[in-house]
Amino acid sequence: MRIVIADDNKDAADLLSLFLAAEGHTVVATVYDGESAVRETVKSGADLAILDIDMPGKTGYEAACDIHAAAPGTFLVGLSGLPQKKSAATFHDYIIKPLDVDRLLGIIKKLATSDDSTRMQ
């Protein structure tokens, strides 16, 4: 499972990256803005991108739209301190902070064990 993490809170992003790596996942990039999230997700062919919503410049919503267009097979999880404001179609799943790591690990496990035809449901 190749994962990109994007959050403008560098400590939170780095901690999540370390946690997921310790759980045996491959974090291919940890970035701190939406533009880098799009670039690294597309470049790496990531299976999963975890995107904070409120990032300066390109928001998580904007990054998700760009990733959908450039890498439609990437599973997208939105992460925010606020309830989801935009269309649920933007993300495949959405977690409200504080991060529930058990829920995130459940999403990753389900994604890892699904095939391409069921992973986006």
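## Pocket, cores and aromatic cluster of a predicted model

Helix 1 is the element that contributes the most to the lining of the largest pocket, with 5 residues. The structure described here is a predicted model, and the pocket in question holds about 200 Å³ of space. Of the 15 residues that line this pocket, A12, A13, L16, L79 and L99 are the closest to its centre. Strand 1, helix 1 (10-22) and strand 3 are the elements that give two or more residues to the lining. In terms of residue class, the lining is made up of 11 nonpolar, 1 polar and 3 charged residues.

The protein chain as a whole has 4 helices and 5 strands, which follow one another from the N terminus in the order β-α-β-α-β-α-β-β-α. Of its 121 residues, 40% count as buried. When contacts with a separation of 6 or more are considered, 60% of them are accounted for by residues 24 or more positions apart.

In soluble globular proteins, nonpolar side chains tend to be buried together. In this model the largest nonpolar core has 19 residues, among which A6, L51, I67, L76 and F91 touch the most other members. At least two residues of this core come from each of strand 1 (2-6), strand 2 (26-31), helix 2 (34-44), strand 3 (48-52) and helix 3 (60-70), and helix 3 gives the most, with 4 residues.

Once its neighbours within four places in sequence are set aside, I67 is in contact with A37, V38, T41, A49, L51, P72, T74 and L76. The C-alpha atom of I67 is also separated by 8.7 Å from that of R39, although the two residues are 28 residues apart along the chain.

| Residue | Relative accessibility | Class |
|---|---|---|
| Y61 | 7% | buried |
| F91 | 5% | buried |

The aromatic side chains form 2 aromatic pairs. In one of them, the ring centres of Y61 and F91 are 5.6 Å apart and the planes stand at 55°, so the pair is tilted. This pair links distant parts of the chain, since Y61 belongs to helix 3 whereas F91 sits in the loop between strand 4 (75-80) and strand 5 (93-96), 30 residues apart. Ring pairs join Y61, F91 and Y94 into a cluster. F91 therefore has a place both in this cluster and, as a buried residue at 5% relative accessibility, among the core members that touch the most others.

A last point concerns the backbone. Most residues other than glycine have a negative phi, and most peptide bonds are trans. The bond that joins K97 and P98, by contrast, is a cis peptide bond, with omega at about 5°. P98 is found in the loop between strand 5 and helix 4 (101-113).

Technical notes
Residues are numbered from 1 along each chain as its sequence is written. This is a predicted model: local features need pLDDT of at least 70, side-chain atom pairs count only at pLDDT 80 or more; totals for chains, interfaces and linings use all residues. Side-chain values use heavy atoms; hydrogens and water are left out. A nonpolar core is a set of buried Ala, Val, Leu, Ile, Met, Phe, Trp, Tyr and Cys residues joined through side-chain atoms within 4.5 Å. Buried means under 20% relative accessible area, exposed over 50%, partly exposed in between (1.4 Å probe, protein chains only). Contact means heavy atoms within 4.5 Å. On a 1 Å grid over the protein atoms alone, a cavity is a set of points where a 1.4 Å probe fits but cannot get out, and a pocket is an open set with protein on both sides within 12 Å along at least five of seven lines; lining residues have an atom within 4 Å of a point. Grid points are joined across faces, edges and corners, and a volume is the space filled by probe spheres set on the points. Ala, Val, Leu, Ile, Met, Phe, Trp, Tyr, Cys and Pro count as nonpolar, Asp, Glu, Lys and Arg as charged, and the others, Gly among them, as polar. Rings of Phe, Tyr and Trp (its six-membered ring) pair if their centres lie within 6.5 Å; planes under 30 degrees apart count as stacked, over 60 as edge-to-face and the rest as tilted.
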